[in-house]
Number of protein chains: 2
Amino acid sequence: MAPAETPFRGPIPPLPQGFQVSGLHTGLKRNPTREDISLIVSDRPATAAGVYTQNLVFAAPVAFDRDRTPGTGFRGVVINSGNANACTGTQGESDTAAMAALTAEAIGSIESSVLVMSTGIIGEFLPMDTVKTGIRAVANQLAGDEDSVMRAARGFLTTDTRPKLAGEAFGKTPSGEKYQMLGIAKGAAMIGPKLATMLGLILTDAAITPEDAQRLLYRATDLSFNCVSVDGHMSTNDTVLLLANGAAGGEPLTGKNLDALETALMKTCDALAREIADDGEGATHVIRIEITGAEDREDARRVARAIADSPLVKTAIAGADPNWGRIVSAAGYAGVSFNPGRLTLRVNGFELFKNASPVGFEAEKVSKSIRENRETLIEINLGDGPGTIRFYTSDLTAEYVRLNADYHT
Amino acid sequence: MAPAETPFRGPIPPLPQGFQVSGLHTGLKRNPTREDISLIVSDRPATAAGVYTQNLVFAAPVAFDRDRTPGTGFRGVVINSGNANACTGTQGESDTAAMAALTAEAIGSIESSVLVMSTGIIGEFLPMDTVKTGIRAVANQLAGDEDSVMRAARGFLTTDTRPKLAGEAFGKTPSGEKYQMLGIAKGAAMIGPKLATMLGLILTDAAITPEDAQRLLYRATDLSFNCVSVDGHMSTNDTVLLLANGAAGGEPLTGKNLDALETALMKTCDALAREIADDGEGATHVIRIEITGAEDREDARRVARAIADSPLVKTAIAGADPNWGRIVSAAGYAGVSFNPGRLTLRVNGFELFKNASPVGFEAEKVSKSIRENRETLIEINLGDGPGTIRFYTSDLTAEYVRLNADYHT
């Protein structure tokens with residue numbers, strides 16, 4: 001069903017102080033080598049902020065976390081994959097509450113200190129016996145080593161081919177060290193967020209007020225997770241949480257340290273967002289779309305999203321085909337007002353369209369450049385406006401179709 | 001490149017009185033068995049109405065026809081396939097005008113009596129020498145027999161696998177006969193119109209005022225061509241024209257005869273729209289989406305379109321997978337306000353979701369029903385509102401990807 005897992009690329013970022021993690025296969029996924037419950041625990045109460053799917057049809061854990069964040073006093077996050085607990089009615093709501101209560105019991109805390117994330121198939125009830133046994137088992141293996149971090153990250157995944165991690169060191173702690181930040185995410189499909197995201201969890205040992213946490217998380221996700229689309233299908237479960245436990249010491253950050261945290265958060269979210277597009281189901285290219293000259297950022301984003309969601313653009317890139325008419329025509333139906341005569345288009349640095357007319361270019365050269373690079377860069381300038389955006393998507397291959405034509409039955 | 005052509009299914013509808021048609025391979029398409037220029041000529045001045053793409057990036061022939069319709073005095077429509085004459089700047093504009101002038105000369109009329117439609121690759125200049133010779137040749141073969149109708153219909157096609165024709169007899173002529181209507185269309189990909197369409201041409205031997213022609217055409221396309229999506233990508237060239245030449249006699253229709261024309265027009269447009277979804281690139285299923293209980297028609301259409309454009313829904317149907325969570329979650333992000341607790345979903349008559357909770361159903365039975373039928377019916381009721389729509393789309397297969405990954409280079 002799912003593709004073979006490939007290893008995480010690059011060094012594993014360190015776990016921020018005061019956190020322990022673990023991940024286990026408990027039986028929610030069929031494949032016994034795939035972790036399906038992960039647990040993140042802070043040894044002291046942490047501040048938490050969250051951003052969530054805008055889908056009217058949202059999963060039980062989304063409603064649960066949304067009610068509790070932003071806030072303080074959080075000790076744990078429990079994540080399960082293989083089952084989204086979405087479209088499961090009141091049964092789903094009580095199952096989410098039970099997951100929080102079981103986790104609280106296992107880590108010696110109270111139910112209101114636990115947040116829950118779920119991802120996987122929609123519309124099936126969680127097998128709560130498995131979940132109950134699983135949460136107790138996973139809580140017995142909490143640790144801070146690299147192997148535990150990798151197992152926790154794998155517990156987030158569904159059809160992803162590899163774990164998604166990103167880390168940053170930033171600012172200056174009272175003892176003169178750096179604060180640490182670690183981000184974990186999952187992606188792959190049903191990726192088309194709007195002011196929301198897929199599953200992501202960002203941990204830091206800095207202290208921060210709930211208000212700053214929410215404000216900075218909203219801003220960072222808006223320019224990262226909200227600028228990525230695999231298939232334009234907004235999920236029922238999109239959630240990104242930020243947990244800041246202050247274990248590195250000091251008061252809630254202000255001034256330069258807070259600015260440093262924001263920069264680290266942006267970088268972490270951006271790295272995870274790019275990873276999600278790069279690991280889009282069946283993807284052979286990650287496509288970076290850079291729009292400039294729009295009237296404002298939302299106009300730029302709409303144009304980028306129309307291009308990112310066009311199956312014709314995505315298949316052209318899969319075929320290394322500089323079929324720029326598909327890109328320009330997608331911009332034209334984005335619902336944004338601009339003068340097509342002012343539009344210029346570059347692909348991988350080659351100018352393809354300008355002044356409402358084709359520009360002579362060597363198609364084979366551009367095609368070769370697309371074929372030989374994992375990333376394709378599409379740059380569009382719409383005019384003189386200040387609106388810009390950078391957006392990530394993946395190409396559309398026959399493998400995406402194969403994966404999704406038999407994901408369920 | 002393009003898939004093998006399959007024959008037209010069903011009887012060929014008669015050509016309305018006073019029209020002659022032809023279609024020829026002239027060299028715009030590489031394959032010498034594929035017609036690429038078609039000509040439709042009325043022996044007397046006809047009333048014409050048109051509806052056009054809403055894309056900001058529109059082709060030269062769209063601008064040309066939009067300036068001329070609705071109106072009277074039309075004698076011919078020239079159609080070329082293989083080249084869209086879009087994104088071709090002022091050169092494209094003069095090429096379109098030249099096509100009209102060449103056609104007028106060949107049929108002994110004036111330039112302002114000719115309309116032009118183009119479809120095919122975006123961003124290449126028309127080879128005007130080929131077009132010039134082609135228009136003269138095609139004008140020499142005008143006739144009214146079935147073979148000519150088929151050749152004219154084939155001249156509309158790009159990656160379509162078969163010609164698309166529909167016909168209706170309606171009303172009562174002064175001599176007690178019926179008026180005839182014939183519709184010709186093309187589809188296949190870049191099909192995601194919004195108050196616009198793909199290429200369509202509807203001929204009738206009834207007389208009608210330009211105002212009635214425009215009003216009825218707008219209404220009919222809004223409920224037919226505007227309710228079909230193959231890949232959600234709005235074309236630069238979408239055009240539907242109605243030509244009414246009055247050759248069956250009588251004054252412009254009024255009363256019951258006008259109502260009969262409207263019904264015939266709705267049926268003709270609906271049949272062509274369904275054909276376009278059914279012949280979507282790589283399609284193995286046509287998907288009919290029926291939304292009821294929305295607040296108004298536009299809300300119903302938005303929900304239908306979100307479902308129709310979701311690659312996850314389309315691949316699920318390709319895989320005969322009753323993965324209803326994908327359907328319900330697509331409705332949830334359509335940007336329409338409704339109560340998810342009130343939503344009910346049926347697929348091929350089987351109830352799958354109700355009261356925000358899964359309904360027990362036999363997955364294998366539903367899967368078998370999807371697998372064994374060319375058409376899949378998705379019915380969603382959103383509540384008590386009066387808004388309804390019927391929308392067509394096709395499934396998404398690996399063949400769509402294959403076709404579009406190497407259409408151009």
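In chain A, 80% of the contacts with a separation of 6 or more are made between residues 24 or more positions apart. The model in which these contacts occur is a predicted one. Chain A contains 11 helices and 15 strands.

The overall dimensions of the chain can be considered next. A compact globule of 409 residues would have a radius of gyration near 22 Å, and chain A, with 22 Å, agrees with that expectation. Along its principal axes, the C-alpha trace of chain A spans about 70 × 55 × 35 Å.

How much of chain A is buried? Of its 409 residues, 64% count as buried, where buried means under 20% relative accessible area.

The discussion now turns to chain B and to one of its sheets. Strands of a sheet pair through backbone hydrogen bonds, and this pairing is either parallel or antiparallel. In chain B, seven strands form an open sheet with mixed pairing, in the order S8-S15-S10-S14-S11-S12-S13. Which strands stand at the edges of this sheet? They are strand S8 (228–229) and strand S13 (357–358) of chain B; each has a single partner strand, so one side of each is left without a neighbour in the sheet.

The partner is strand S12 (residues 350–354) of chain B, which pairs with S13(B) in the antiparallel sense over two bridges. Within this part of the sheet, Phe353(B) stands opposite Pro358(B) of S13(B).

S12(B) also pairs with S11(B), again in the antiparallel sense, here over three bridges. Val347(B) stands opposite Phe350(B), a residue of S12(B). What do S11(B) and S12(B) form together? They form a hairpin with two residues between them, and Asn348(B), in the turn, has a positive phi of about 50°.

A further step leads from strand S11 (residues 344–347) of chain B to strand S14 (residues 375–381) of chain B; these two strands run antiparallel and are joined by four bridges. Here Arg346(B) stands opposite Glu379(B) of S14(B).

Conventions
Residues numbered from 1 in each chain as written. Chains lettered and ligands numbered in written order. Predicted model: local features only at pLDDT ≥ 70, side-chain atom pairs only at ≥ 80, totals over all residues. Heavy atoms only, no water. Rg over C-alpha atoms; globule rule 2.2 N^0.38 Å. Buried < 20%, exposed > 50% of the residue type's maximum accessible area, 1.4 Å probe, protein only. Contact = heavy atoms within 4.5 Å. Pairing = 2+ DSSP bridges.
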